[in-house]
Amino acid sequence: MKSPLASFIFVSPAAFLMLCLLLLPIMSVIILSFTDWQLGNESFHFIGIENYRHLLSDEVFFTSLKNTFLYALIVLPASVLGGLCIALLIESKMAAKGIYRTIFFLPVMATLIAMSIVWEYILHPDIGILNKLLSLFGVNGTNWLSNRDTVLYCLAGIGVWQQLGYNMVLFIAGIMAIPKNLYEAAKCDGISAFGSVRLITLPLLAPVFLFVLIITSIKAFQVFDTVYILTMGGPNHASEVLLFTIYQEAFMFFRTSYAAAISVVFLFFILILTLLKMRFLDKKEV
């Protein structure tokens, strides 16, 4: 018979850390969102839902919300389907698998801040490699990061480039977990390689696919580094996303309580994605 005291002793360190590092900060943010506190002030007053009312009339907030969703809608299918296709291609080839895995995984290991600076030079309107390559084909390039029509798509492209290798590794792990005798049986039955992928690989990868989909969604919503380094939300809020709006309101404009209200909205979306993960994945073996 297990001792309740022993169970409490073993669980208490993890519970204490969760309380201090997760639950208390979240509760503090929620409480701050109902106040008028500004960074540096010694006192504050409760103002109810005034910050949330202001959100409903804030065009910058809705612009950042729209940009965040658009960024996620681009990064999500491109990086998930791209990672799946790369994993299938690598695992279908017997030679040099390690080299291909390393090449595609390099962006994941690289520091995103340093790589953002490299991308800034690649996309530079005058000395950038991209515009120089386009000029060889008679195409006039543009100032990619200062053009309202292209800036968010450039950031999304960088996001896909950075996420692709991570998704590839997850899909490769899922493919390697599929029993090889299933493919041998399919080959004996005269099923082609494409048929084996369609009838065996893809159905058995469904739990992994869902896991990658949700994890990539959460990461896409958390985009901040590239926006901060490359565009600072410009031009004219064209690349501003939720996390950057929170940063600006809290640490540039010192409207901390208003930033807390935006953070609560951001946490709401992350909570939905987390609940989806718990609902569909925690009861399955990935």
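User: Hi! Is Glu91 buried or exposed?
Analyst: Glu91 is buried, because its relative accessible area is 15%. Buried means under 20% relative accessible area, exposed means over 50%, and partly exposed is in between, with a 1.4 Å probe and protein chains only. This is a predicted model, where local features need pLDDT of at least 70 and side-chain atom pairs count only at pLDDT 80 or more, while totals for chains, interfaces and linings use all residues. Residues are numbered from 1 along each chain as its sequence is written, and side-chain values use heavy atoms, leaving out hydrogens and water.

User: Which side chains meet Glu91 in a salt bridge?
Analyst: Glu91 meets Lys97 at 3.6 Å, N to O, and Arg101 at 2.6 Å, N to O. Glu91 lies in helix 3 (residues 59–92) and Arg101 in helix 4 (residues 97–109), so this pair ties together parts that are 10 residues apart in sequence. A salt bridge here is a side-chain nitrogen of Lys or Arg within 4 Å of a carboxyl oxygen of Asp or Glu. Helices (H or I, at least four residues) are DSSP runs, numbered from the N terminus.

User: What are Glu91, Lys97 and Arg101 linked in?
Analyst: A network of salt bridges links Glu91, Lys97 and Arg101. Lys97 is buried, like Glu91. Arg101 counts as partly exposed because its relative accessible area is 27%.

User: How many salt bridges does the count come to?
Analyst: The count is 4 salt bridges. One of them joins the side chains of Glu50 and Arg53, at 3.8 Å, N to O.

User: Where do Glu50 and Arg53 lie?
Analyst: Both lie in helix 2 (residues 50–56), and they are 3 residues apart, about one turn of the helix. An α-helix has 3.6 residues a turn, so residues three or four places apart point the same way. Arg53 is exposed because its relative accessibility is 53%, while Glu50 is partly exposed, with a relative accessible area of 41%.

User: New topic! Where is the kink in helix 1 centred?
Analyst: The kink is centred on Leu19 and is about 40°. The bend at a residue is the angle between axes fitted to the seven residues ending there and the seven starting there.

User: What does helix 1 span between its end C-alpha atoms?
Analyst: Helix 1 spans only 37 Å, whereas a straight helix of 29 residues would span 42 Å at 1.5 Å a residue. The expected span is 1.5 Å times one less than the number of residues.

User: Which residues form the nonpolar patch on the surface?
Analyst: Met18, Leu19, Leu22, Leu23, Leu24, Ile26 and Leu267 form the nonpolar patch, with about 570 Å² of accessible area together. Helix 1 (residues 4–32) gives the most to the patch, with 6 residues. Patch residues have over 30% relative accessible area and no salt bridge, with nonpolar side chains (Val, Leu, Ile, Met, Phe, Trp, Tyr) joined within 5 Å and like charges within 9 Å. Accessible areas come from the Shrake-Rupley method with a 1.4 Å probe, and for residues only the protein chains shown count as cover.

User: Last one: where is Ser33, and what does Ser33 touch?
Analyst: Ser33 is in the loop between helix 1 and helix 2. Not counting residues up to four places away in sequence, Ser33 touches several residues, including Gly48, Tyr52 and Ser257. Contact means heavy atoms within 4.5 Å. Ser33 is buried because its relative accessible area is 0%. Ser257 lies in helix 13 (residues 256–281) and is also buried, at 6% relative accessibility.

Conventions:
Helix = DSSP H or I, 4+ residues; strand = E, 2+ residues; numbered from the N terminus.
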